[in-house]
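User: I'd like to go over the aromatic contacts in this one. Can you put it up?

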Amino acid sequence: MDVTPGLAGDRWLLNRAVYLPGQRAGHYESFYQRANHPDRPLAFWIRYTIFAPAGDPAKARGEIWAVAFDGESGRHAVAKDEFPLTGCEFRRDGFAVRVGTAELGPGRLSGSAGGISWDLRYAGEEHPLLLLPPRLYQGGFPKAKSMVTLPSARFEGGYSVDEHDIDVAGWTGSQNHNWGSRHTDRYAFGQVAGFDGEPDTFLEVATVKTRLAGPIATPWLTTMVLRHDGREHSLVTLRRALKARADYGYFHWVFASSDATVDISGRISADRDAFVGLRYDNPPGGVKHCLNTKIGRADLTVRDRRNGRTQQLHTDNRALFEILTGDLDLDHGVAMRA
């Protein structure tokens, strides 16, 4: 995908589907929306997905995923429905997505899956955020690509879990687009749309390791973008990704990166019972396990190298935190829910 038109003009051009109907190369592609309650540990995550197994385009399908996180009760609702791709729409010339009867487009999404239904509106002014250098959104490396087409999106409307209605008023989150020919082999991924007392600050960060060919794999790479105090710190070049430091387990993650103007270090974590387990089919074959929460904790230290000023940022329950693992023996103790 050429990201230049979307960055230069209409942001929704970045949500044009990459998938070419009938292609034999394996492919996954997702458009996901997520947001947090301003104060309470409540969040939703809704994902509209194409899955096409390698070599068998007739089995391509659309998927609708929904998770309603409730950190107050400790009960998280999970739903997933699948449809033949012939019953779906993923436009390649604009932003229009339909999976079954669930729809997504600029400013609105509606639909249902299992016992979860939603009718939501969203808006925002932030320009798109790229977690990779722009040139890497074209070509075959990396195999998985991700962007935030609308950071700091504001959501209104509501969703329902087993006929229990949750009002959404002034929730903040994001609208996102990712795709690839295979899932990254291992990753930790985080996003925070607003810290306590800093509602306009937005963080996107990933630590990844992926195979290049056969047993040959990349070193661990960490990319990060922080928008804070009216500035964007984009630490996404290969050189920065290699120099960054990170370490993670199933439920915690520490990371640090820097450039000539800033040092950023952080920790994202969540209790085991904040996560749901999701099975992600891989286009070349096999399955990955995703440990997924949207109500994690995050602490960030930002030091401005120009003036020596240091700021501490924190949120108790507004962090997106995902771990993708090939460990299929469930030693993480998180039940697979979909």
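User: Which rings do ring pairs link into a cluster?
Analyst: Trp-12, Phe-31, Phe-44, Phe-90, Phe-95, Tyr-122, Phe-155, Tyr-159 and Trp-171. The model is predicted, so local features need pLDDT of at least 70 and side-chain atom pairs pLDDT 80 or more, while totals for chains, interfaces and linings use all residues. Residues are numbered from 1 along each chain as its sequence is written, and side-chain values use heavy atoms, leaving out hydrogens and water.

User: What counts as a pair?
Analyst: Rings of Phe, Tyr and Trp (its six-membered ring) with centres within 6.5 Å; planes under 30 degrees apart are stacked, over 60 edge-to-face, and the rest tilted.

User: How many aromatic pairs by this rule?
Analyst: The count is 18. One of them is Trp-12 with Tyr-122, edge-to-face at 6.1 Å between centres and 80 degrees between planes.

User: What about Phe-251 and Phe-275, how do they pair?
Analyst: They are tilted, 5.4 Å centre to centre with 55 degrees between the planes. Phe-251 is buried at 17% relative accessibility, and Phe-275 is buried at 5%.

User: New topic: which ring does the charged end of Arg-11 sit over?
Analyst: That of Trp-12, 5.9 Å from its centre. The rule asks for NZ of Lys or CZ of Arg within 6 Å of the ring centre and within 35 degrees of the ring normal. Arg-47 lies over the face of Tyr-280, 4.5 Å from the ring centre.

Definitions and conventions: Buried means under 20% relative accessible area, exposed over 50%, partly exposed in between (1.4 Å probe, protein chains only).
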